[in-house]
Amino acid sequence: MSAAPLTTPARQARLARAAVAALFLTNGAVFFNIVPRYPQIKAELGLSNAVFGTALAAPPIGALLAGLLAGAAIRRFRSARVASLGIVVTAVATLLIPFAPNWVAFGGVLFVVGALDAVVDVAQNSHGLRVQRLYGRSIVNSLHGVWSVGAVLGGLMGSAAAGLDIPLSVHLSISAALFSVTALVAYRFLLPGTEDAERPAEAQDGHPARHAGRRSFTGAAVRMLAVLGVLAACGALVEDAGASWGALYLSGDLRTDAATAGLAVVALQVAMTVGRLTGDRVVDRFGQRTVVRSGGALAAIGMGAALAVPSVPAALAGFALAGLGVATLVPAAMHTADELPGLPAGAGLTIVSWLLRGGFLLSPPLVGFVADLTSLRVGLLSVVLAGAVTVVLGRVLVNRTSRMAGQAQT
């Protein structure tokens, strides 16, 4: 009879992990179904590069404006409901894209999608960290890895639909139906109860602000959130370097063909995905802080060496090492923010996620400004700087995953 209490929570934890992983996958897949159809959308609306680029700025702007509302939404409706139903609403919102008559309407739809995505992102990470506390060991890196798998899946679906000349409205309807059903089924297996239900009892007792729901931002908490935000932004800068500038660096400075130039972002994303899917075991063995700081050094040294000896193999290796180096950085910053004492549930995670999105918004113009003043090769030294900053500031990260008192989920 004494074993019964442990059996049920262990099964519940496994089901909840699979369910939250499904949410991460759908979250990545919904948006990346749209990306391969951008050329068609641009052509049908008759947009110039400048106007189309302006429309594409709408998602990060929407994310920044709505992102800080995520904490309040989670406290009001719980992370499970916000994440799963938010994905359904996001998928439905994408159905408006084929009917956008001009770039303003198209940008408006993307604004809504970006705003919804920001709230969903915080909620799914919040719930993933609940499941992680139940497990008593790191799982959040694998969840981010599953998001990357979802992004690849969505990209392949969009590419296939474009290649088969499937109407955009039909394609996005299939995507919305498939991933909405997935999110709703996943909702049934997510964890019930409050956002603090899996925290050790002493931690809950020690932080009454969590229960009262009132704001309690001490000076120490604000400073920690600022540092964690900088760390998350460093991860965003490195990831954006491959997406925004990798192909331009290879095709411009290194004079490669278009197909080879496109391998820069592939190298970074594949390495990052591998690092996230395998990162939990490494974090459990060596500690989150150690892994992140070592990864920052790897990113700085790898990209630094690639820029010092410019060649195509060195550049691809540099982007791969940078992606591998920061693979666990953003999950670690989110985990530490969620464990900060004295804050309302979801507040720390919300703020760091918001600062992360600010990093994605500011990184392209920052690197572009430096590149215009000097060269893109010099601009990409920002990746080296981000790695060095990670080494220095990474010491503030929580090193070990907390375990519920009295439970043995491993």
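This is a predicted model: local features need pLDDT of at least 70, side-chain atom pairs count only at pLDDT 80 or more; totals for chains, interfaces and linings use all residues.
The phi angle of Arg255 is near 55°, a positive value in a residue other than glycine. A positive phi is also found at Arg78, which is not a glycine either and has a value of about 80°. Arg78 is placed in the loop between α5 (70-77) and α6 (79-94). With a relative accessibility of 34%, Arg78 counts as partly exposed.

The chain as a whole contains 20 helices and 0 strands. Its C-alpha trace spans about 65 × 50 × 40 Å along the principal axes. Of the 410 residues, 51% are buried. When contacts between residues at least 6 apart in sequence are considered, 86% of them join residues at least 24 apart.

Helix α8 (residues 140-163) packs with helix α14 (residues 263-286), the two axes coming within 7 Å and crossing at roughly 170°. Since angles over 145 degrees are classed in this way, α8 and α14 are roughly antiparallel to each other. The crossing of α8 past α14 is left-handed. On the α8 side, the contact is made by Val140, Asn141, Ser142, His144, Gly145, Val146, Ser148 and Val149, and on the α14 side by Thr273, Arg276, Leu277, Gly279, Asp280 and Val283. Sorted by class, the residues of this contact between α8 and α14 are 5 nonpolar, 7 polar and 2 charged.

One of the α8 residues in this contact is Ser148. Ser148 has a relative accessible area of 4% and is therefore buried, the limit being under 20%. Leaving aside residues up to four places away in sequence, Ser148 touches Thr273 and Arg276. Both of these partners are among the α14 residues that take part in the contact with α8.

Helix α8 also packs with helix α17 (residues 329-338), at an angle of about 130° and with the axes 9 Å apart. This angle makes α8 oblique to α17. In this case α8 passes α17 in a right-handed crossing. Val140, Asn141 and His144 of α8 meet Val330, Pro331 and Met334 of α17. The contact of α8 with α17 comprises 4 nonpolar and 2 polar residues, with no charged residues. Val140, Asn141 and His144 are listed in the contact of α8 with α14 and again in the contact of α8 with α17.

Helix α14 has a further packing partner in helix α12 (residues 219-253), the axes lying 7 Å apart at an angle of about 155°. Helices α12 and α14 are therefore roughly antiparallel to each other. The α12 residues Val238, Glu239, Gly242, Ala243, Gly246, Ala247 and Leu250 meet Ala264, Val265, Leu268, Gln269 and Met272 of α14. By class, this contact of α12 with α14 divides into 8 nonpolar, 3 polar and 1 charged.

Conventions: Residues are numbered from 1 along each chain as its sequence is written. Side-chain values use heavy atoms; hydrogens and water are left out. Axes are lines fitted to C-alpha atoms, for helices over the stretch in contact, and angles run from 0 to 180 degrees between N-to-C directions. Helices (H or I, at least four residues) and strands (E, at least two) are DSSP runs, numbered from the N terminus. Angles under 35 degrees count as roughly parallel, over 145 as roughly antiparallel, 65 to 115 as roughly perpendicular and the rest as oblique. A crossing is left-handed if the near helix is turned anticlockwise from the far one by less than a right angle, and right-handed if clockwise. Contact means heavy atoms within 4.5 Å. Ala, Val, Leu, Ile, Met, Phe, Trp, Tyr, Cys and Pro count as nonpolar, Asp, Glu, Lys and Arg as charged, and the others, Gly among them, as polar. Buried means under 20% relative accessible area, exposed over 50%, partly exposed in between (1.4 Å probe, protein chains only).
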